[in-house]
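Let's explore a protein structure together, one question at a time. Keep the sequence and the picture in view as you read.

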Amino acid sequence: MAFISSGYNPDKPMEGRISDIGPRHYTDFLPPVIKKNYGKWLYHEILEPGVLMHKAESGDEVYTVRVGTARLMSVGLIREVCDIADKHCGGYVRWTTRNNIEFMVDSKDKVAPLKADLSGRKFTGGSLKFPIGGTGASVPNIVHTQGWVHCHTPATDASGPVKVIMDELFEEFQTMELPASLRLAVACCLNMCGACHCSDIAVVGIHRKPPIIDHEVLENICEIPLAVSACPTAAIRPSKTEFEGKEKKTVAIKEDRCMFCGNCYTMCAALPLADGESDGCAIMVGGKVSNRISNPKFSKVVVAYVPNEPPRWPTLVKTIRTIVDAYKKGANKYERLGDWAERIGWERFFDVTGLEFSQHLIDDFRDPAYYTWRQSTNFKW
Amino acid sequence: MAKHQTPMLDELTKGPWPSFVDDVKAEAARRAENKDGIEFQIPADVCEDLLGVLELSYKDKETHWKHGGIVGVFGYGGGVIGRYSDVPKQYPGIAHFHTVRVAQPGGKFYTTEHLRALMDIWDLRGSGLTNMHGSTGDIVFLGTFTEQLEEIFYDITHKLNNDLGGSGSNLRTPADCMGMSRCEYACYDTMALCYALTQEYQDELHRPAFPYKFKFKFDGCPNGCVAALARSDLSFVGTWKGPIRIDQKAVAGYVGGELKPNAGAHASRDWGKFDIQKEVIDLCPTKCMSYDGKTLSIDDKECYRCMHCINTMPAALRVGEEKGVAILAGAKAPILDGAQMSSLLVPFMKVEEPFDEVKELVENIWEWWMEEGKNRERLGETLKRLGFQKILEVTGVQADARHVQHPRENPYIFWKEDEVGGWKRDIQEYRKRHAR
Ligand code: HEM
Ligand code: HEM
Ligand code: SF4
Ligand code: SF4
Ligand code: SF4
Ligand code: SF4
């Protein structure tokens, strides 16, 4: 392969350089019916799972078909999205916050051919390329992070768990049988790039062993004071050690103080903590970000640890199915998972889901912990 | 014939949900075939090697990506995330696998023309794999070699009139809900405000000057479709003042069953006939609604604008006419000191071009946070450490009962010297009244 220059000249990097122009203006990309009725929408209806109709003051209607994606998408697949959008939607398409794709058309008779086209497209293995769904009281696409595909700190994969969870909950994606929307998230480490800490059900990758110290290189590749100050529990202090007859500056870790957050590793590459056997996931539930009825709230840890079981994470999937079923059975119409758990009480939540309550589910991290302990005799048996 | 055997990943081609493994394989095949005779600028078998290393991770249950590494484009401190493999010899195609963050358009609307042009760049110069989109919101080009970074940047700016997004200790690419473009709930123009602030703060976006990352997110209403409240240092959530607009005829339509409650969101299950009393009136958290069998009334003064009734009867109820934004500060995920939600700072602000009032607020907060924030301390943590009063002080926002869930539970009040007539006292004067 010969190197093809775009016009950039490394000897004169500033020559002809364009910078700080920001994204293109959104009005360049709006479908005509959207642009025309911008800010003048009256109401909407979900005609069937995955199909929306928005009505404008002008009387115009826009029909949207929403499909799930794997988020990780190839150039080839995105070109296929473009082909579909060119054929049915006048060359416009949009993505949602939860990595669904929306194909919009400006009249009802264009919906059926669009749907047929989308549902007919499959990958070689048989999975759907563009499954229709994710509206209303359903499980929309899972917000997730990078995992083993692309990140340096994950304790679990993200794309794989998302695939197997969505396979399991596929019915709930394509129908609207739940009491309310049930939003899932997967983050592969405690950094939680995303909003795991506020999802109805969230999976979070966790490490369970303190970092391994690479004494040989630590002093060369790390700023020791940065690593020390990075630790939220003051588990790390500067230290010295003998390595192959030479004295080396390094760090020491008070292991029983470590909460396995990986923050020191972000600061210092000589402190890796991944461990195939002990890493895994925690499951959190009951978070939400909407202000509807009750305040936004954080997710709570209800399963402290599930082992990593690639490729299909059976224990994780089964546990999530159990929670979804209990919620579906027990909650009232419009009630989000967290509101349901609070209404019946968390002690009852563990009863009806059959999840085991262990000491690991009692918070012991700083001030916020105290506010989660019960200071009352108002509990249920 | 695949370059690497991937028996574990192959399990992920089963089931109905779109399989990323199948997609990556198809991309590998497409590049191998190379129908258009493209002179790929990074190894053509990059997709095979990515599957190979992922299979290895599935076996080891550990990642094979090294810790970061500083790469980027000239003059920018963000936009590219360096990534190197720790097994480059086995998988040379992914020895480097840097991520390029590309600024996404507002509401994530695209023309296929623009998308195709982006894909052409990434076909030629990258792995052919993307995240649509990253968790922060931008388009994520997933994996290229160092030599390609300037070329990609040059192409994006020169050919597409587009730019890189943010990463590192700077302003991250702001993200918005689709707002007024297609949502009748939008209480302000999320896309206009997001675009204006993104343009205004390009310098902050590309040149890290902050203690740590900073995120803006824009939700058009309290439903919070981009989760502004949970994941941005400054969260802009649309809201309104004054009465919810009621169309009594449409209310009757819902009661009579002609209109589907919640726009049809529960249609797959038989929840029984719509019961306005049970499903709207009784669920109103502030109990400010009533229905006498003919007319729906709302005591709007008591409504806290949670959206439930509007979501339930979207054709009958509309947000109030006096629209604006509530601004909240300080959300973050758990690292380091635990998760934080944004806390209400400005209960209501009208937002209109050129958004000067918003910009003044943002700049006052930044000035303070850059001065007082410790290294790697998010705004929410600075707030927690120094107190909410400090942000009121620097922004000039008046304290208001709306700022709290309830007033403080302890009387350890930090009175200021000028509030108590000075702190200097004379012990001799004191002793005149009190023996030692
Ligand atoms: C963090 C510390 C404290 C907490 C959480 C606490 C909590 C409570 C609670 C919940 C009540 C019952 C209120 C009711 O039933 O209406 C109460 C009553 C009371 N507490 Fe405390 N308290 C604390 C410290 C103290 C201290 C240090 C004292 C004494 C100096 C104190 C003296 C009283 C008295 C005298 C009552 C009865 C008030 C009444 O009957 O009207 N408390 N406290
Ligand atoms: C069960 C609750 C508490 C216990 C057992 C407790 C016990 C004590 C003891 C033994 C001392 C040391 C006395 C000495 O030898 O000098 C002390 C000091 C002190 N306590 Fe508490 N206390 C309690 C609650 C509180 C509360 C609720 C407050 C404030 C509202 C408080 C404020 C103080 C202060 C200001 C000192 C003086 C510290 C100094 O000047 O060195 N304590 N407490
Ligand atoms: S959640 Fe953690 S492991 Fe996953 S992408 Fe973010 S930083 Fe990487
Ligand atoms: S993993 Fe976190 S808690 Fe453990 S030593 Fe590192 S920084 Fe400290
Ligand atoms: S946040 Fe509100 S205005 Fe924005 S898209 Fe969601 S419902 Fe519509
Ligand atoms: S918006 Fe919420 S609080 Fe206001 S009237 Fe409707 S249900 Fe009640």
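Predicted model: local features only at pLDDT ≥ 70, side-chain atom pairs only at ≥ 80, totals over all residues.

Q: Which residue in the turn between β1(A) and β2(A) has a positive phi?
A: These two strands form a hairpin with 2 residues between them. The turn residue with a positive phi, about 90°, is A:Gly50.

Q: Which strands are at the edges of the open sheet of 6 strands?
A: Follow the order β1(A)-β2(A)-β3(A)-β6(A)-β5(A)-β3(B), in which the pairing is antiparallel. From one strand to the next, the twist averages 30°. An edge strand here pairs on one side only, and that describes β1 of chain A and β3 (109-111) of chain B.

Q: In β6(A), which residue stands opposite A:Arg66?
A: Strand β3 (residues 61-67) of chain A pairs with strand β6 (residues 101-105) of chain A in the antiparallel sense, over 5 bridges. Opposite A:Arg66 you will find A:Glu102.

Q: At about what angle to β3(B) does helix α4 of chain B run?
A: This helix (residues 112-125) lies across β5 (92-95) of chain A together with β3 of chain B. Its angle to β3(B) is about 80°.

Q: Are helices α2(A) and α3(A) roughly parallel or roughly antiparallel to each other, and why?
A: Helix α2 (residues 75-88) and helix α3 (residues 111-119) of chain A have axes 11 Å apart and pack at an angle of about 165°. Angles over 145 degrees count as roughly antiparallel. Therefore α2(A) and α3(A) are roughly antiparallel.

Q: How many charged residues are in the contact of α2(A) with α3(A)?
A: On the α2(A) side are A:Ile84, A:Lys87 and A:His88, while α3(A) brings A:Pro113, A:Leu114, A:Asp117 and A:Leu118. By class, the contact has 4 nonpolar residues and 1 polar residue, and the number of charged ones is 2.

Q: What is the bridge partner of A:Val203 in β12(A)?
A: Now we turn to an open sheet of 5 strands in chain A, with the order β7-β8-β9-β12-β13 and mixed pairing. Within it, strand β9 (residues 201-206) and strand β12 (residues 280-285) pair in the antiparallel sense over 6 bridges. The partner of A:Val203 is A:Ile283.

Q: Which strands of chain A does helix α4 of chain A lie across?
A: This helix covers residues 159-168 and runs at about 155° to β8(A). The strands it lies across are β7, β8 (184-187) and β9.

Q: How many charged residues are in the shell around ligand 3?
A: The shell includes A:Thr145, A:Gln146, A:Cys151 and A:Cys188. Its classes are 6 nonpolar and 4 polar, and the charged count is no residues.

Q: How many nonpolar residues are in the shell around ligand 6?
A: Among the residues around this ligand are B:Cys284, B:Met289, B:Tyr304, B:Arg305 and B:His308. The shell has 2 polar residues and 1 charged residue, and the nonpolar count is 9.

Q: How many polar residues are in the shell around ligand 5?
A: Residues around this ligand include B:Cys177, B:Tyr185, B:Asp219 and B:Asn223. With 6 nonpolar and 1 charged, the polar count is 3.

Note on methods. Residues numbered from 1 in each chain as written. Chains lettered and ligands numbered in written order. Heavy atoms only, no water. Near = heavy atom within 4 Å. Nonpolar A, V, L, I, M, F, W, Y, C, P; charged D, E, K, R; others polar. Axes fitted to C-alpha atoms, helices over the stretch in contact; angles between N-to-C directions. Helix = DSSP H or I, 4+ residues; strand = E, 2+ residues; numbered from the N terminus. Parallel < 35°, antiparallel > 145°, perpendicular 65-115°, else oblique. Contact = heavy atoms within 4.5 Å. Pairing = 2+ DSSP bridges.
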